[in-house]
Each structure stands twice: as structure tokens, then as C-alpha cells.
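Please look through the sequence and the model before reading on.

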Amino acid sequence: MQSAINSLAVLSFLGTALLFFAFSALLKTVRELQAALVRAQSGAPAPTVIRSNARFRSDDGLPTFVLVVSEHCDKCRDRTRHLNAGAGATAAGHLVVLCATGCSDWISDAGITPIVDAELLGALGVGAMPSLVRYAPDGTEEWRRVVGSDEDLDTLLEIDSKTSNPVAMEVDA
Amino acid sequence: MKVRAPNGQTLSVEGNPLPFNGRWAYIAWLFGQGGAQRFNITPAGSAELISKELGDWQRLKIREASWNGGRIVSMEDPEHAGTTMVWVGPHNEISSYVGGVGVPLEVFMDMLSKFAIDDAVEGLTLLPLAGSGLEHGRLLATNVIDQLCSVQIRPIAEAAETLPRSQGKQVRGGSMWRLDDRDDQGTLLTRTAYVVNDTTATSVITYQPDDPKFISVAGSLTCSLSN
């Protein structure tokens, strides 16, 4: 009887020990999964989104440059004035200045179309202002860039070929 | 005085007999897979002001846009082929340095988008987002008492290897050591007081080594960092 109880005790002890191993293995799996999730969230490239807007479609085969500005940023005003003062004259495309309010007062050049449309501005989802967005004739967005200075605006307007990576291109330029 | 450090801790500095010149400036090192990145967190407008004071402003190429409730400015130095990038918020600003010229503003926006940034009067916090793989490493907080000394505070964990072996003098803010730097003739060049307690290691560095007011400042200053 005693020996049976002893062996039972030993067996239950062994069982507990085994459970510990099983449990730690389980925890390890959970940790690995968590780490993989974190890696996946940080490392995975975002899916390529093709943005397009029918408002910026054109029939003459020329691209459209949209300068997105805000009334409340003084550099936006400077960039718009620079564009208005003839910077866009050499650009091979249509010129549009888009804002939620106020920018139409900054423009006197008939070659530049001011669009005051908060809804359209929201649909574009531009984070930094002023930004320049280039649209292909079919209304597809080709690239968007933050315009930090008047010289940058000139450079960006002169880029006539479509490129998927204007950031790298500007560094080379 | 209680302020917020960029890593979210509360920095408390009490007992200074003379007022500090301005608000605190911090240098924070963020560690990630690609090594360390240094950020300066200073009162808004500092980088621009300092560069104008130094007379650098004219030769810099400035880019600026408005982003995330503040201004994002890049100051490109063609002479040294480097770019200082700054995000200027309502109260404080974050700046960092990127090598090279023609660096698009998007580069800095990408860097900052890995953080939750909260800018308030009591300090700016720059907390890495989950999954960014970044974490706060070293931290240095600095301020100045006009005409007298500069004060530099570090968390105690980073100062462990710089602690003197000898027993320091007990003062209000912890243990104090006085470090004098003399030349061959025995003339005092600089004098630093090093005050260490449970959470911080503080260096108080004088501008005039024989200024008698200095040692009373070092002896009464109490600094602490808490979560």
C-alpha cells in the first residue's frame, strides 16, 4: 500500500514537472508570436495605394501640378506668390492652387487656377503644407512632395518625367 | 520646479537660491535597430535664434513647411554638408542632424512619425510608438543660472561609472564632490560640483571658478527624476 502511494506521489510530481515544461513551451510560442506581430507591424511596407482624382484629369495630355496650401501658414503664401510671379511659366502642365479658404486672393496670374474646396482638400489627405502633387493626364497621382523653399518649387516643376521616387530624384538634382 | 523630460519622466529641481535663465533643454538619445539617433528638445525657436546669434543664418539654406500643428524647418549648411532639421511646436521644438544636403523634409517627418509627440508648457514628450523598435537611452537636461554656472542633470543609471570612489560631502541634494581643474602654477581653471543622489547625477559648472556664490548653489540644489 505504502509503495503504491509512494509511486503515485512520484508520478504526480513528474506530471507536475511535465506540465511546467508544457506551459513554458506554450509561453515561448506566445512570445514569439507577439514579437513576429511587432516586426510585421513595423517592418512590412505599406501596400501600394494608387490615388487618383477625377478633378485633375486633363484632355490635352499635359500633367496637372497642384500646390496644396493653407491660409494659416505664411510659407504657403510665399510659395503661392512665387508661383504667381512666373515660376510656373516654364512648367509643362496645368497649375492649380488648392486650399480650404482664402488662397484665391493670392493669385492674379490667369494661368493658375485657384480651387477653394475644403472637401477636395480633405480627400487628398496632404499632411504637410505647402505640398506639390503631380497628376497624370488621366487623373492618377504620380507623386507628392513637401515644398520647403522657392528653389524647391522650381526644381519640382521642372521635373517633367514621371517618376515613382521623386525624393531620390531631388537628392540627385 | 517640476518639468517633463522627453522620456516622460518628471524632473524636479528644487532649492536653487538664484533663478534659472530659462526653460530646460534636453538631449535625448533614442536607440533602435539602426543605432542611436540624437534629438535636442529645446524651447521653441531656440535653434533658429542660436543660428542667428552665431551668424550662421545667412549662409544656411532654409526650407520650411507647416506640419502636425507646428512648423518643420530644415537648415542646410552647404559648407559642412549637413542639415539640421527642426520641428517647432507651440512651446518646444525637436531638432536633429542629418548628414548631407538636399535632404527632403519628408525624411524628418518619417523620423518623427515613429513617436507620440506631446508638446505642453511643462515640457515636450517624445515617446516611441509600439512597434517602432525604438527606446529611450541616454538623457541630459541642461539649464543655466545667469553669470554663474550651468547645470547638467543625468539619470543616475547612466552615471554609474563616473561616480567618484571617495565618500562625498553630504548636502541637501545628495552627496557632493568638488572637482577643481588647476594648471601647473596652481591657478584655478574650472570648478565643478558633482551632486549625486538616488535618481540623478548633477554637474554644476562655474563660469568664474572663484565665485563664492557657486558652492551655495551646488549645496542647496535638489534634483530628482521620477516616473
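What follows is a short account of the model, followed by points grouped by topic.

This is a predicted model, in which local features need pLDDT of at least 70, side-chain atom pairs count only at pLDDT 80 or more, and totals for chains, interfaces and linings use all residues. Residues are numbered from 1 along each chain as its sequence is written, chains are lettered from A and ligands numbered from 1 in the order in which they are written, and side-chain values use heavy atoms, with hydrogens and water left out.

**Layout of chain A**

- Chain A is divided into domain 1 (1-46) and domain 2 (54-168), with bounds that come from an automatic or database domain assignment.
- Taken over C-alpha atoms, the centres of domain 1 of chain A and domain 2 of chain A are separated by 59 Å.
- Five helices and six strands are found in chain A, where helices (H or I, at least four residues) and strands (E, at least two) are DSSP runs numbered from the N terminus.
- Along the sequence, the pattern of chain A reads α-β-α-β-β-α-β-β-β-α-α.
- Chain A has 173 residues, of which 35% count as buried; buried means under 20% relative accessible area, exposed means over 50%, and partly exposed lies in between (1.4 Å probe, protein chains only).

**Salt bridges**

- Over all chains, a search of the whole structure finds 21 salt bridges, each being a side-chain nitrogen of Lys or Arg within 4 Å of a carboxyl oxygen of Asp or Glu.
- One of them pairs B:Arg63 with A:Asp152 at 2.4 Å from N to O; because B:Arg63 lies in strand E5 (residues 61-67) of chain B and A:Asp152 in helix H4 (residues 150-158) of chain A, this pair joins two chains.
- B:Arg63 counts as buried at 3% relative accessibility, and A:Asp152 is likewise buried at 3%.
- In chain A, A:Arg144 forms a salt bridge with A:Glu141, with the closest N and O atoms 2.7 Å apart; A:Arg144 is partly exposed at 22% relative accessible area, whereas A:Glu141 is buried at 13%.
- In chain B, the closest N and O atoms of the salt bridge between B:Glu64 and B:Arg71 are 3.2 Å apart, with B:Glu64 buried at 8% relative accessibility and B:Arg71 partly exposed at 28%.
- B:Glu64 and B:Arg71 also belong to a network of salt bridges that links them with A:Lys75, A:Asp78, B:Glu48 and B:Lys52.

**Cavities and a pocket**

- Rolling a probe the size of a water molecule over the atoms shows where empty space is left.
- On a 1 Å grid over the protein atoms alone, a cavity is a set of points where a 1.4 Å probe fits but cannot get out, and a pocket is an open set with protein on both sides within 12 Å along at least five of seven lines; lining residues have an atom within 4 Å of a point.
- Two cavities of 30 Å³ or more are counted, and the largest cavity holds about 40 Å³ of space, a volume being the space filled by probe spheres set on grid points that are joined across faces, edges and corners.
- Residues lining the largest cavity include B:Gly173, B:Val195, B:Thr202 and B:Cys223, and strand E16(B) gives the most to this lining, with three residues.
- The second largest pocket contains about 500 Å³ of space; of the 24 residues that line this pocket, the closest to its centre are B:Asn40, B:Ala47, B:Ile50, B:Thr84 and B:Ser95.

**Backbone points to check**

- Most residues other than glycine have a negative phi, and most peptide bonds are trans.
- The peptide bond from A:Met129 to A:Pro130 is cis, with omega near -5°, and A:Pro130 sits in the loop between strand E4 (128-129) and strand E5 (131-135) of chain A.
- B:Asn68, a residue other than glycine, has a positive phi near 55°; B:Asn68 lies in the loop between E5 and E6 of chain B and is partly exposed at 47% relative accessibility.
- B:Ala81 also has a positive phi, near 50°, and is placed in the loop between E6 and E7 of chain B, where B:Ala81 is partly exposed with a relative accessible area of 43%.
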